[in-house]
Each structure stands twice: as C-alpha cells, then as structure tokens.
Amino acid sequence: MERVTVLLVSGLCVAVWSLLADHCWADGGGPNLAERVIWAVNAGGEAHTDMHGIYFKKDPLEGKLGKASDYGMRLPILRSSPEDQVLYQTERYNEDTFGYEVPIREEGDYILVMKYAEVYFAQSQQKVFDVRLNDHVVVKDLDIFDRVGHSTAHDEIVPFSIRRGKLSVQGEVSTFNGKLTVEFVKGYYDNPKVCALYVMKGTLDDVPKLQPHPGLEKREEIEEEEEEEETEPREEGGKKSASTVPKYRVQSGPRTPNPYAADNSSLMYPVLVAFGVFIPTLFCLCRL
C-alpha cells in the first residue's frame with residue numbers, strides 16, 4: 001500500500017512539474033533570446049553584444065573575401081537603438097556573389113535575420129541584389145533604399161525548418177548536409193552586401209522588432225488599402241463607388257480660377273473713352 005502511495009505521489013509531482021514547466025515556457029521562462037541564437041556575425045565589424053544579449057562575433061570573412069566598410073559610422077541609424085547602431089553602420093560587400101556558412105546540428109524551426117541599412121546611395125535602383133539560402137532564392141531584388149530610405153535600419157527575416165535531413169523554406173525542399181549557406185547574389189545594380197546576420201531557433205514571434213518607422217508604416221497602410229480597393233466591387237460602367245475613395249488620400253481644394261476665362265469687359269471702358277476723345281481731337285487739329 002505504501003509503495004502504491006509513493007508511486008501515485010511521484011506521478012502527481014511529475015505531472016505538476018510538467019505543467020509548471022509548460023507555463024513558465026509560455027510566460028517567457030524558457031530559453032531566452034540570446035540562448036536560442038546559434039550563430040551571429042557583425043559583418044565588416046568587430047564583436048558586439050546587443051541589447052537582447054545576442055553576441056555577434058567579429059566577421060570571419062575579414063581578410064578573406066569581400067571588403068569591410070564602416071562608412072555608416074558617421075551617420076545615425078533610424079529605427080535602431082543607439083547602443084546597437086553599430087550593427088547597421090558597418091557592412092561587408094563584394095563585387096561578386098559571397099556568403100557565410102552556418103553549421104546546424106539539430107532539427108527544428110529556425111529563423112534567419114539579416115540586418116541592413118543604406119548609408120551610401122540616396123535613391124532606389126542603385127543597389128539591388130538577391131539572397132539565397134542553400135540555392136533557394138529567399139529574398140528577390142532587395143533594394144534597401146526603396147524599402148526604408150536612407151540610413152534606416154531594415155531587417156529581412158526568413159523562417160525555415162530542418163527535419164529528417166531536409167531543408168524547408170518558402171515552400172521549397174532540398175537535402176540538408178549540416179551546413180546552411182547564406183549567399184548575397186550579385187545583380188545588375190552595384191554590389192551585394194550585409195551589415196549583420198544571425199540564426200536562431202524559434203518562430204517569427206520570437207524575433208525582436210525594430211523601432212516603428214512612421215513613414216514606412218504609412219506607406220504599408222497605403223499599400224494595404226490599395227490592395228483592398230482593387231478587390232472591392234465597382235459600379236456599373238466600371239466606375240468606383242464614392243465609398244472606395246481611400247481615406248489616406250488628401251483631397252484637393254477648390255479649383256484655381258482660370259485667369260484667361262475671367263470677364264475682362266470692365267477693362268475695356270477706359271480704352272474706349274480714351275479712343276473716343278483722341279479721334280475728335282485729331283480731327284480738329286487736322287482742320288487747323
């Protein structure tokens with residue numbers, strides 16, 4: 001009887017412990033963000049520990065491939081905390097395709113986070129490139145300035161999973177040999193680059209968000225409303241109903257009067273009077 005009691009108590013303790021562990025994990029009591037990161041590099045820069053405790057090691061490609069640049073150190077980077085701006089101020093670029101290899105030994109769900117900031121070009125279509133993950137194109141035609149503007153932090157986030165020797169990313173599957181190759185692909189516009197990047201275990205909800213960007217959020221709202229507008233029904237004849245006019249658009253004011261369409265008849269009175277006086281006077285002078 002005592003043995004049965006001990007077994008029941010032990011089983012109850014295990015169940016309670018399991019429930020407590022699950023609850024703690026849900027409340028953030030599991031591995032913290034820094035512990036989930038399996039690999040992180042500050043491209044083109046020195047080692048750095050960010051505000052979340054993620055340790056970015058010094059660029060392993062230093063002196064081997066591409067060129068490091070700290071041109072952005074002279075600029076403040078929007079959307080980034082002051083202590084972590086260095087992750088967007090330094091970069092590595094190359095005149096051809098280049099990349100990094102990340103060893104991954106465990107199966108599971110992962111996130112690749114790539115950090116960017118355009119600190120040189122001041123317009124779009126000046127630097128455009130792709131990003132490949134083990135030959136899968138995961139970012140197409142990345143134009144940093146077009147996405148967020150100048151000297152502004154931008155993160156590209158790519159979720160992927162590894163199970164039973166297979167890499168799954170964006171609906172595509174390939175054989176995985178233990179190494180994740182992240183490549184920045186040379187395009188037609190300038191050279192590919194990256195400022196910093198890391199790989200962590202988890203989901204999209206686990207990735208820290210950048211500070212809000214009012215201008216960027218407004219543009220995203222506009223794009224969303226335009227998409228909704230395209231899907232809304234139209235009136236007969238293909239015209240949009242008044243309710244489909246986007247709320248974000250600034251309505252123009254009253255029309256400016258056309259100066260050439262104004263009534264200028266009042267300006268003719270002085271001319272006619274002068275002309276009427278001039279003709280009789282000229283006639284009298286000629287009689288003399």
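1. Let's start with the core. The largest nonpolar core has 32 residues, and Y100, M114, F160, L180, F184 and L197 make the most contacts inside it. A nonpolar core here is a set of buried Ala, Val, Leu, Ile, Met, Phe, Trp, Tyr and Cys residues joined through side-chain atoms within 4.5 Å. Buried means under 20% relative accessible area, exposed means over 50%, and partly exposed is in between (1.4 Å probe, protein chains only). Strand 7 gives this core its largest share, four residues. There is also a second, separate core of 17 residues, with A40, F56, I111 and Y198 among them.

2. Before going on, keep in mind that this is a predicted model: local features need pLDDT of at least 70, side-chain atom pairs count only at pLDDT 80 or more, and totals for chains, interfaces and linings use all residues. Residues are numbered from 1 along each chain as its sequence is written, and side-chain values use heavy atoms, with hydrogens and water left out.

3. Now have a look at M114. Not counting residues up to four places away in sequence, M114 touches V131, V139, H154, D155, E156, V158, V182, F184, V194, A196 and L197; contact means heavy atoms within 4.5 Å. One of these, E156, is also the bridge partner of M114 in strand 10.

4. Helices (H or I, at least four residues) and strands (E, at least two) are DSSP runs, numbered from the N terminus. Seven of the ten residues in strand 10 are buried, so the strand is mostly covered. Strand 7 (residues 108-116) runs antiparallel to strand 10, and nine bridges join them; two strands pair if DSSP finds at least two bridges between them.

5. What does strand 10 form with strand 11? The two make a hairpin with two residues between them, and R164 in the turn has a positive phi of about 55°. Strand 11 (residues 166-169) pairs with strand 10 in the antiparallel sense over three bridges, and S161 stands opposite S168 in strand 11.

6. Next, the aromatics. Rings of Phe, Tyr and Trp (its six-membered ring) pair if their centres lie within 6.5 Å; planes under 30 degrees apart count as stacked, over 60 as edge-to-face and the rest as tilted. By this rule there are eight aromatic pairs. F98 and Y100 make an edge-to-face pair, at 6.4 Å centre to centre with 65° between the planes. The ring centres of F98 and F184 are 5.3 Å apart and their planes are at 35°, so this pair is tilted. F98 is in strand 6 (residues 98-103) and F184 in strand 13 (residues 179-189), so their pair ties together parts 86 residues apart in sequence. Both F98 and F184 are buried, and W39, F98, Y100 and F184 form one aromatic cluster.

7. There is an open sheet to find too: three strands in the order 4-5-14, with antiparallel pairing. Strand 4 (67-69) and strand 14 (193-194) are at the edges with a single partner strand each, so one side of each has no neighbour in the sheet. Three bridges join strand 4 to strand 5 (residues 91-93), and the partner of S69 in strand 5 is E91.

8. Last one: is Q89 buried or exposed? Q89 counts as buried because its relative accessibility is 8%. Q89 is found in helix 3 (residues 86-89), and a polar atom of its side chain lies 2.8 Å from the backbone oxygen of L75. Beyond neighbours within four places in sequence, the contacts of Q89 include S69, Y71 and L75.

Notes
A polar contact is a pair of N or O atoms within 3.5 Å; within protein, one must be able to donate a hydrogen and the other to accept it, and residues adjacent in sequence count only if both atoms are side-chain atoms.
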